[in-house]
Amino acid sequence: MGCPPRGAHGGCVKAVPGNEARRSERYVGQINRSVLALLAACAWPVTSHATVYTVQLNNAQLGTVKQGDVPASNGPSGGNSCAPTATANAFAYLQNQYAGTYGSTLVAGGTYSDIQATATSLASSNFMSTTSSNGTNPPAWVSGEVNYLEAAAPGKTSYGGMGSSVDIGGINTTTYPWFNNNSDPTFAFLFSALQNGDGVELAMFPLIDGIGHVVTLTGLNWNDANSNGIIDFSEGATMTLVDPLDGTVKTNHIGQLVANGNLQTDYYHAGIDSGVIVMALSEVPVPEPASLAVFGLAAVAILVRRRRR
């Protein structure tokens, strides 16, 4: 995965060959279905109440390393090192938020140079094998992240992930059974992960060409004004992220054309939903035994109450 290729954006993720056409076909199909939905809505007016979804991590706990400061595994500067950089910036959050679990095992002292060193290690052939020409392949992103965390803090992390095999190729779900390769990331998956306090990284592709970009997700905001379950572009839903392109916090719009449609974003061109979110990874500490014991006692208590009834 590289970084966006044009203008102010670079290119970090290679698409599966032929995916540009498939994404365009999906996009056109969604437009046709959205027209039908609009006609139906005009025929049967519906009264509804707004539902608001808001979640935000503490941005100060995340790293702000720039991918240009992270060399690829084959030596040159890291213009395409967005995946290892975004992941390292998320690891900084995990270490800060869950110091009791990780100590200083993920990004050492947590300084810029420490997080940069973690990103460089992730980019190396030991983990993600990021190259200056092609960035990081999605399967290597997954395996590299897991292998790094398990080497640094064995058995302490729980994982999640989503990404359609149409866009990103095959992730080995036998090795990584927690990865859902049947769908692009859903709003529900991303929102639930952030609510749970996970570190979250996501990959985007522009709708036209095949070079993608990886960022660290930190927040989501959506006011479902008509409670139809569709992130209508007119509702102004946003995502907050740390962009490894320049190490800054940004807010971009997101939306859908139809219910359960893929999430689109104006990251590539402000004000125009010109990109699609195709993959996401999440990480959070495994619950401590004491927490599991408390949960178990609560479950027993609920069971006892039900039996008494």
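**Helix packing, core and backbone features**

Asn260 lies in the loop between β8 (248-255) and β9 (264-265). Helices (H or I, at least four residues) and strands (E, at least two) are DSSP runs, numbered from the N terminus. The model is predicted: local features need pLDDT of at least 70, side-chain atom pairs count only at pLDDT 80 or more, and totals for chains, interfaces and linings use all residues. Residues are numbered from 1 along each chain as its sequence is written, and side-chain values use heavy atoms, with hydrogens and water left out.

Asn260 has a positive phi of about 65 degrees, although it is not a glycine. Most residues other than glycine have a negative phi. Asn260 is exposed, with a relative accessible area of 78%. Here buried means under 20% relative accessible area, exposed over 50%, and partly exposed in between (1.4 Å probe, protein chains only). Ser129 also has a positive phi, near 50 degrees. Ser129 sits in the loop between α4 and α5 (138-152). Ser129 is partly exposed, at a relative accessible area of 35%.

Helix α2 (residues 82-97) packs with helix α4 (residues 112-123): their axes come within 8 Å and cross at roughly 135 degrees. Axes are lines fitted to C-alpha atoms, for helices over the stretch in contact, and angles run from 0 to 180 degrees between N-to-C directions. The angle makes α2 oblique to α4. Angles under 35 degrees count as roughly parallel, over 145 as roughly antiparallel, 65 to 115 as roughly perpendicular and the rest as oblique. From α2, the contact (heavy atoms within 4.5 Å) involves Pro84, Thr85, Thr87, Ala88, Asn89, Phe91 and Ala92. From α4 come Ile115, Thr118, Ala119, Leu122 and Ala123.

The largest nonpolar core has 69 residues. Such a core is a set of buried Ala, Val, Leu, Ile, Met, Phe, Trp, Tyr and Cys residues joined through side-chain atoms within 4.5 Å. Leu190, Leu202, Leu220, Met239 and Met279 have the most contacts inside this core. Helix α2 gives the most to the core, with 8 residues.

Leu190 belongs to the buried residues of helix α7 (residues 187-195), together with Phe187, Phe189, Phe191, Ala193 and Leu194. The buried residues of α7 pack against β2 (51-56), β3 (157-163), β5 (199-206), β6 (211-224), β8 and β10 (275-285). Just after α7, Gly197 takes a positive phi of about 85 degrees.
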